[in-house]
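Here is a short briefing for a first look. Please keep the sequence and the model in view as you read.

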Protein chains: 4
Amino acid sequence: MSTQSTAESILQRVSDTIASRKGADAGTSYVASLYSKGLDTILKKLGEEATETVIAAKGAAAGEPKEALVKEVADLWFHSLIALGYYNLSAADVLRELERREGTSGHAEKAARG
Amino acid sequence: MSTQSTAESILQRVSDTIASRKGADAGTSYVASLYSKGLDTILKKLGEEATETVIAAKGAAAGEPKEALVKEVADLWFHSLIALGYYNLSAADVLRELERREGTSGHAEKAARG
Amino acid sequence: MSTQSTAESILQRVSDTIASRKGADAGTSYVASLYSKGLDTILKKLGEEATETVIAAKGAAAGEPKEALVKEVADLWFHSLIALGYYNLSAADVLRELERREGTSGHAEKAARG
Amino acid sequence: MSTQSTAESILQRVSDTIASRKGADAGTSYVASLYSKGLDTILKKLGEEATETVIAAKGAAAGEPKEALVKEVADLWFHSLIALGYYNLSAADVLRELERREGTSGHAEKAARG
């Protein structure tokens, strides 16, 4: 029934796949290759995907297809999960944090973060 | 039963809350205030959160608490959802894209993206 | 005579001013205030200015005034100088590096950087 | 005499070289190749260099050589000049903007920018 839940559990599945590739040979997958190159390379990719998200969002304002924005955000979240995985953290940790904030209004939340 | 699904459906709930605040008075919430300022302000915040994610990840390598990284990724995803919402897109679109890629190895995927 | 040189020596003057404000009371200037907040705040601002540069450049492609791009690059370079100043480095160090690369073709240079 | 001025005029020389490569065959230089790929590729590189600057600055705080920061800022400024060149703008425009701001205190300047 719950196609929604199924659709959403994808994030944790991606996190699990990333974790399983952490020790693997660099030649076997993109994720294994990133981990073999180290944290700075992972973060450089994350920054690159954030820039591409901004470019795609501005492009959509100028009439470019908004599907590009969806793809860039997917890339950005994917590389966020790789950065989290570097510290043995996963999607669940981020989702728990978002849940913790739920109900807190944005202004109150921002004030709380200082 | 499915605490996992419950935990993960948070992303779509956040997306829905963001959508509900789109037309609201700027004074009523952080999200409404961002939308009233326009796309460039939203993207500027997104870039800022990406930078803070990189800073937190490097900080964790130097012994700072890795919880900071979780919080920054949560901020980054939250502002990604606001950018998506600007175009009436939501978490579901990104999760669908990630699901579509599942099973594709990273290297094949990267080659496919060109 | 050399208006060019005069115009360009501005970068080192800005670096010198930044250095002079490093130890100053946080209330006395924007730079002193940034230094009092520490490296992460400085880098966060630098990332923010880079994002704003990207936004302005995409905006110019959509017909927004290209003067905004000039202002954002000025902001970006200014905050780069603050980050350098944190480590007692200045504009001269960057200009020396650019001079060192001169004559090296981009492709050779890139290959050399690995 | 003025080694300072000589050292600093490098920025305009780099801008001029970039301008001269704008129409050139993509195979002849890194800059020509970037221009042939278009604005989004140029901006993606700029965002990447900004991220690398942040990574190098955090690395220096953890004991990595601060020379890496100088190299990354040089890369960042170089790609800023390529983005400016895309709109037929150059280092001179940015230096003029920085000069215009000189004498304005940071706090006043920030207030003026809104």
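Thr28(C) counts as exposed because its relative accessibility is 52%. (Exposed means over 50% relative accessible area, buried under 20%, and partly exposed in between, with a 1.4 Å probe and protein chains only.) This is a predicted model, in which local features need pLDDT of at least 70, side-chain atom pairs count only at pLDDT 80 or more, and totals for chains, interfaces and linings use all residues. Residues are numbered from 1 along each chain as its sequence is written, chains are lettered from A and ligands numbered from 1 in the order in which they are written, and side-chain values use heavy atoms, with hydrogens and water left out.

**Around Thr28(C)**

- Thr28(C) sits in the loop that joins α2 (10-20) to α3 (30-37) in chain C. (Helices are DSSP runs of H or I with at least four residues, strands are E runs of at least two, and numbering starts from the N terminus.)
- A polar atom of the Thr28(C) side chain is 2.6 Å from the backbone oxygen of Asp25(C).

**Chain A with chain B**

- Chain A puts 58 residues into the contact, and chain B puts in 58 residues. (Contact means heavy atoms within 4.5 Å.)
- The two chains bury about 5,400 Å² between them, with 68% of it on carbon and sulfur atoms. (Buried area is the accessible area, taken with a 1.4 Å probe, that two parts lose on being put together, summed over both.)
- Ten salt bridges are counted between chain A and chain B. (A salt bridge is a side-chain nitrogen of Lys or Arg within 4 Å of a carboxyl oxygen of Asp or Glu.)
- One salt bridge pairs Asp75(A) with Arg101(B), whose closest N and O atoms are 2.7 Å apart.
- On the side of chain A that touches chain B, α5(A) gives the most, with 13 residues.

**Chain D with chain B**

- Seven residues of chain D contact seven residues of chain B.
- About 500 Å² is buried between them, and carbon and sulfur atoms give 78% of that area.
- Val54(D), Ile55(D) and Lys58(D) lose the most area in chain D, together 76% of what that side buries.
- Two salt bridges are counted between chain D and chain B.
- Glu64(B) and Lys58(D) join their side chains in a salt bridge, at 3.7 Å from N to O.

How values were computed: Polar contact = N/O pair within 3.5 Å; in protein donor to acceptor, adjacent residues only side chain to side chain.
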